[in-house]
Amino acid sequence: MEPQVEAITNVSNLVSPSAKTERMQLLNNIIAPLYISNDLCCTLERRIRMSVEWGLRLKNNPFTSIKCFPTYVKSLPTGKEECECLAIDLGGTNLRCILVSLKQGREPVLKERKAVVPISVQQGTGEDLFRFVASEMKSFLDSLPGGLPNDSCLPLGFTFSFPCSQTALAAAQLHHWTKGFKCSNVEGNDVGRLLSEALSAAGLNISVVAVLNDTTGALMSCAFKDPSTRIGLILGTGTNACYVERLDEVETADGSEGSMVINTEWGAFGEKGELDIIRTVWDAELDNMTPNPGQQVLEKMVGGMYLGELIRIILVDLKTRGILLVGAYPTQEFSLLQPGTFTTHHLCEVESDPLGEFTRCRKVWGKLGIPDPTDEDCFVLRTVCEAVSRRCCLLLAAGLAALLKKMDEKDVTIAVDGSLFRYHPHFGRKIEHRIQQLMGAGYKFRMLMSEDGSGKGAAIIAAALSMEQGSCSANSNQSSN
Ligand code: BGC
């Protein structure tokens with residue numbers, strides 16, 4: 001649906017108090033397409049739930065955008081897992097190589113090395129990407145006092161936060177890249193195998209026993225402490241959620257007894273037009289600037305990689321229409337014309353001000369090269385940030401309520417991780433409030449921050465597997481189901 005933006009004349013010459021009020025009314029009209037009513041939120045929840053249901057069915061799967069990938073993680077941690085394991089976390093700008101020591105009743109202990117994945121590597125060849133990962137792991141192990149903890153082949157859990165189609169715990173074919181990655185020769189290939197080959201080529205005796213998504217990692221690391229955890233949510237650079245489903249509901253995986261963690265890959269929701277009803281011209285403009293237009297429609301409305309840019313596009317529109325920085329800075333000199341200038345970090349700053357105060361907001365304007373914004377300019381910026389954040393929280397609440405209704409369990413803990421959720425001042429509270437509305441007042445659930453699920457979660461899965469096989473240094477590369 002096209003946004004209902006009224007034809008606006010340029011109002012930059014309006015300066016009287018009534019003109020200011022008029023300008024604020026125009027602002028509200030212009031950003032009205034970002035508004036989602038309660039009814040619409042319920043409709044979206046039902047659509048997401050239906051898409052998840054279709055994702056699980058062999059016949060309907062091709063027609064839904066929520067693919068619901070089976071993960072082959074069939075049991076949740078018992079809290080008794082003990083092991084020394086390695087983990088690799090690759091899912092965005094940072095790569096982490098981690099050594100985790102798990103001991104019953106104790107907090108997992110982590111040693112890690114972090115590296116930025118250069119853009120040239122993110123968009124180069126798959127061979128270079130995995131060579132880079134293996135060489136970082138080698139440097140990490142070399143830096144450990146005394147080298148590897150023991151001579152045997154250490155098990156490794158690989159947190160690879162991209163959509164993968166799995167046929168076993170350690171066999172995961174990359175479906176498609178997201179979040180700006182575009183390495184050649186990886187889509188359609190088994191990333192567990194590519195990593196194993198690169199590690200052995202680097203002379204490392206490491207066995208990749210599991211490939212998992214960051215949502216699964218978050219779920220596992222919270223379930224290690226809280227057995228009622230059933231959902232893992234990531235709201236960082238991208239977004240996604242996984243949940244525990246009964247196997248008899250999952251036609252896309254073998255077996256019908258017990259349950260399995262399902263990686264929904266809900267960031268793709270909207271690719272079949274399901275979100276056209278709320279898609280604005282600004283969303284379309286943002287989408288056209290990305291390397292994967294038409295894909296990851298929901299993710300582009302809520303992910304940290306995109307929210308700042310979406311706000312920048314709206315601000316440029318408002319400047320052009322004479323609603324923002326009236327009379328100051330000719331539009332062609334407006335610093336925000338440059339893509340990437342407004343970040344999601346700025347959004348969190350602006351919304352950290354108490355209502356009616358603009359201290360941080362002014363600082364943000366200052367960082368954007370505008371040292372002297374008026375109160376109205378601050379108000380406009382805050383209003384736009386709030387509208388975009390509000391839509392984001394409603395969409396996430398609709399998604400989470402859809403999963404809660406699909407599982408139909410009482411008292412559920414939702415494990416959450418991701419920088420946007422962590423650093424936004426109000427997201428947690430707002431999402432919880434909306435979920436409660438959608439689920440009904442009596443429904444019991446809670447959201448729990450997962451602490452480093454991508455490291456601990458991977459280690460917990462690797463440890464469980466190794467213990468199952470009777471040794472802490474698992475050798476199988478394809479086991480588990
Ligand atoms: C990926 C998911 C991942 C999410 C959060 C999305 O772009 O497709 O696999 O879980 O980002 O990192």
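## Buried, exposed and in between

Let's start with a definition: a residue counts as buried when its relative accessible area is under 20%, as exposed when that area is over 50%, and as partly exposed in between, using a 1.4 Å probe and protein chains only.

What you're looking at is a predicted model, in which local features need pLDDT of at least 70, side-chain atom pairs count only at pLDDT 80 or more, and totals for chains, interfaces and linings use all residues. Residues are numbered from 1 along each chain as its sequence is written, and side-chain values use heavy atoms, with hydrogens and water left out.

## Salt bridges

Side chains of opposite charge can pair when their charged atoms come close. Here a salt bridge means a side-chain nitrogen of Lys or Arg within 4 Å of a carboxyl oxygen of Asp or Glu. That rule gives a count of 26 salt bridges.

Back to D411: its salt-bridge partner is K444, and the closest N and O atoms are 3.9 Å apart. D411 sits in the loop between α12 (375-407) and β12 (412-417), while K444 sits in the loop between α14 (427-439) and β13 (445-449), so this pair ties together parts that are 33 residues apart in sequence. (The helix and strand labels come from DSSP runs, with H or I over at least four residues for helices and E over at least two for strands, numbered from the N terminus.) K444 counts as exposed, at 51% relative accessibility. There's also a network: salt bridges that share partners join up R57, E245, E249, E251 and K406.

## Pairs within a helix

Where do E45 and R49 lie? They are both in helix α2 (residues 38-56), 4 residues apart, which means that about one helical turn separates them. The salt bridge between E45 and R49 has its closest N and O atoms 2.7 Å apart. E45 is buried, with a relative accessible area of 2%, whereas R49 is partly exposed at 22%.

Helix α5 (residues 191-201) holds another pair, R193 and E197, again 4 residues apart, about one turn of the helix. Their side chains meet in a salt bridge at 3.0 Å, N to O. R193 is partly exposed at 36% relative accessibility, and E197 is partly exposed at 43%.

Leaving aside residues up to four places away in sequence, which residues does L195 touch? The answer is I88, F130, V133, L156, F158 and V208, where a contact means heavy atoms within 4.5 Å. N61 is another story: it lies 134 residues from L195 along the chain, and their C-alpha atoms are separated by 29 Å.

Now for the neighbouring topic of helix packing. Axes are lines fitted to C-alpha atoms, for helices over the stretch in contact, and angles run from 0 to 180 degrees between N-to-C directions. The axes of α5 and helix α4 (residues 126-143) come within 9 Å and cross at roughly 55°. That makes α4 oblique to α5; under 35 degrees counts as roughly parallel, over 145 as roughly antiparallel, 65 to 115 as roughly perpendicular, and the rest as oblique. F130, R131, V133, A134 and M137 from α4 meet V191, L194, L195, A198 and L199 from α5. Sorted by class, this contact has 9 nonpolar, no polar and 1 charged residues. Nonpolar covers Ala, Val, Leu, Ile, Met, Phe, Trp, Tyr, Cys and Pro, charged covers Asp, Glu, Lys and Arg, and polar covers the others, Gly among them.

## The α7–α9 crossing

Helix α7 (residues 281-289) and helix α9 (residues 304-320) pack at about 125°, with their axes 9 Å apart. That makes α7 oblique to α9. On the α7 side, W282, D283, E285, L286 and M289 meet Y306, E309, L310, R312, I313, I314 and D317 of α9. By class, you get 7 nonpolar, no polar and 5 charged residues.

## Two positive phi angles

K179 has a phi near 55°, a positive value in a residue other than glycine. K179 lies in the loop between β7 (171-174) and α5, and is buried at 10% relative accessible area. E265 has a positive phi near 55° as well. E265 is in the loop between β11 (259-263) and α7 and counts as buried, at 7% relative accessibility.
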